[in-house]
Amino acid sequence: MIPRTLFDADLEGFRDSVRKFLEQEAVPYHEQWEKDGQVSRELWQKAGELGFLCPTTPEEYGGAGADFRYSAVVMEEVSRAGLSGIGWGLHSDIVAPYILNYGSEEQKQHYLPKLVSGEMITAIAMTEPGAGTDLQGVKTTAVKNGDHYVLNGSKTFITNGQLADLVIVVAKTDPKEGAKGTSLLLVEAAWEGFEKGQNLNKVGMKAQDTSELFFQDVKVPVTHLLGSMEGQGFFQLMQELPAERLQVALSAVAAAEAAWQWTLDYVKERKAFGKPVIKFQNTRFKMAEMKAEITAARVFTDRCLELHLERKLDIPTAAMLKQLTTDLQCKVMDECVQLHGGYGYMWEYPIARAWADSRVQRIYAGTNEIMKEIVARSF
């Protein structure tokens, strides 16, 4: 009803390519990936060959040098198709920018081409058993010893955790300094002392490998510190969080739009008391209410995407966006399950999966309660 003006013909052509790729290479296999607890490496490699990974990475590091709208297209199409196991957003638009923005030239030359191609899969290890949104409470330590750090600690709820070849680890290089003592380290999964725990059994996002990670006396070369000096980690995290929250919002709105469309198709076809369910006033009103709220969320999200392209998306605005869109996503999923009736609770129906997948959106990238606190502090 309100046209999106951000995406030109080239971007829509790119969107069509992504959508067709997902329909052919992901949708038929996602149910099996849910049973496996992870998607196939083959999918990552195929996506890399077609330029769907790290599209914003500059050409000198193997990428296309595209703007963030191309990443947004990939995120939206993955979410729209209900492919919650695919962790490309974190890899392409969280980890890669950390390396690009804070890494040394040597780090960028070595790692970014491998991220673009899908040769290496990445993760970021922030959350710990005793420290979630409160990053200042991190207990993992990295003690300098000559030309390396000795890394000890554990992480949990790590997206891409089982498949990851390279992990950005949030650790305390100076535990006495609190936030100022936090640093980010590039850690390869093959290094001695790095172990992957169990693939966690979640309520939703069944095909997404979400894992525990353990570090016991892992030797990390000092050259694998992100940034020019120790203690920059907390600042680096804060700088990148608005982009992460925008990603969550883009996925949330695309998922809500998809769920609304699935439900519209269903209520037009499903009959009750001799007529299609859409003929009942309650159904029409519920669909109309959701349409209005999703449209408003889409307009707000697209405006924040514009701000991000202009490097003007600030922390409070991104927090508002993340809280509003994920709350709405969960509301829409619940309403759509209700309109599907008993079938909405059956796992083979996309709406059931989408309902289960949506709940964590209000938790990760900072809980929605913390988002409200961030906004309140800006008054």
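Helices here are DSSP runs of H or I, at least four residues long, numbered from the N terminus. I am working from a predicted model.

**Entry 1: the end of α4.** I looked just past α4 and found Gly82 with a positive phi of about 70°.

**Entry 2: the start of α4.** I then went to the other end. A side-chain oxygen of Asp67 comes to within 2.8 Å of the backbone nitrogen of Arg69.

**Entry 3: the span of α4.** I checked the length. Helix α4 runs over residues 68–80, 13 residues in total. From first C-alpha to last I get 18 Å, close to the 18 Å expected at 1.5 Å a residue.

**Entry 4: burial of α4.** I counted 11 of the 13 residues as buried, so α4 is largely enclosed by the rest of the structure. The buried set includes Phe68, Val73, Val74, Met75 and Val78. Arg69, Glu76 and Glu77 are also on the buried list. I asked what covers these residues: the cover includes α1 (9–25), α5, α7 (233–269) and α8 (281–309).

**Entry 5: the nonpolar cores.** I turned to the largest nonpolar core, which has 61 residues. Leu22, Ile86, Trp88, Tyr98, Leu115 and Ile124 have the most contacts inside it. Helix α5 (residues 88–102) gives the largest share of this core, 8 residues. Apart from this core lies another, of 22 residues, among them Ile278, Ile294, Met333 and Ile351.

**Entry 6: Tyr98.** I listed the contacts of Tyr98, leaving aside neighbours within four places in sequence. Tyr98 touches Gly103, Ile124, Met126, Ile168, Leu184, Leu226, Gln236, Leu237 and Glu240.

How values were computed. Residues numbered from 1 in each chain as written. Predicted model: local features only at pLDDT ≥ 70, side-chain atom pairs only at ≥ 80, totals over all residues. Heavy atoms only, no water. Core = buried A, V, L, I, M, F, W, Y, C linked by side-chain atoms within 4.5 Å. Buried < 20%, exposed > 50% of the residue type's maximum accessible area, 1.4 Å probe, protein only. Helix = DSSP H or I, 4+ residues; strand = E, 2+ residues; numbered from the N terminus. Contact = heavy atoms within 4.5 Å. Expected span 1.5 Å × (residues − 1). Polar contact = N/O pair within 3.5 Å; in protein donor to acceptor, adjacent residues only side chain to side chain.
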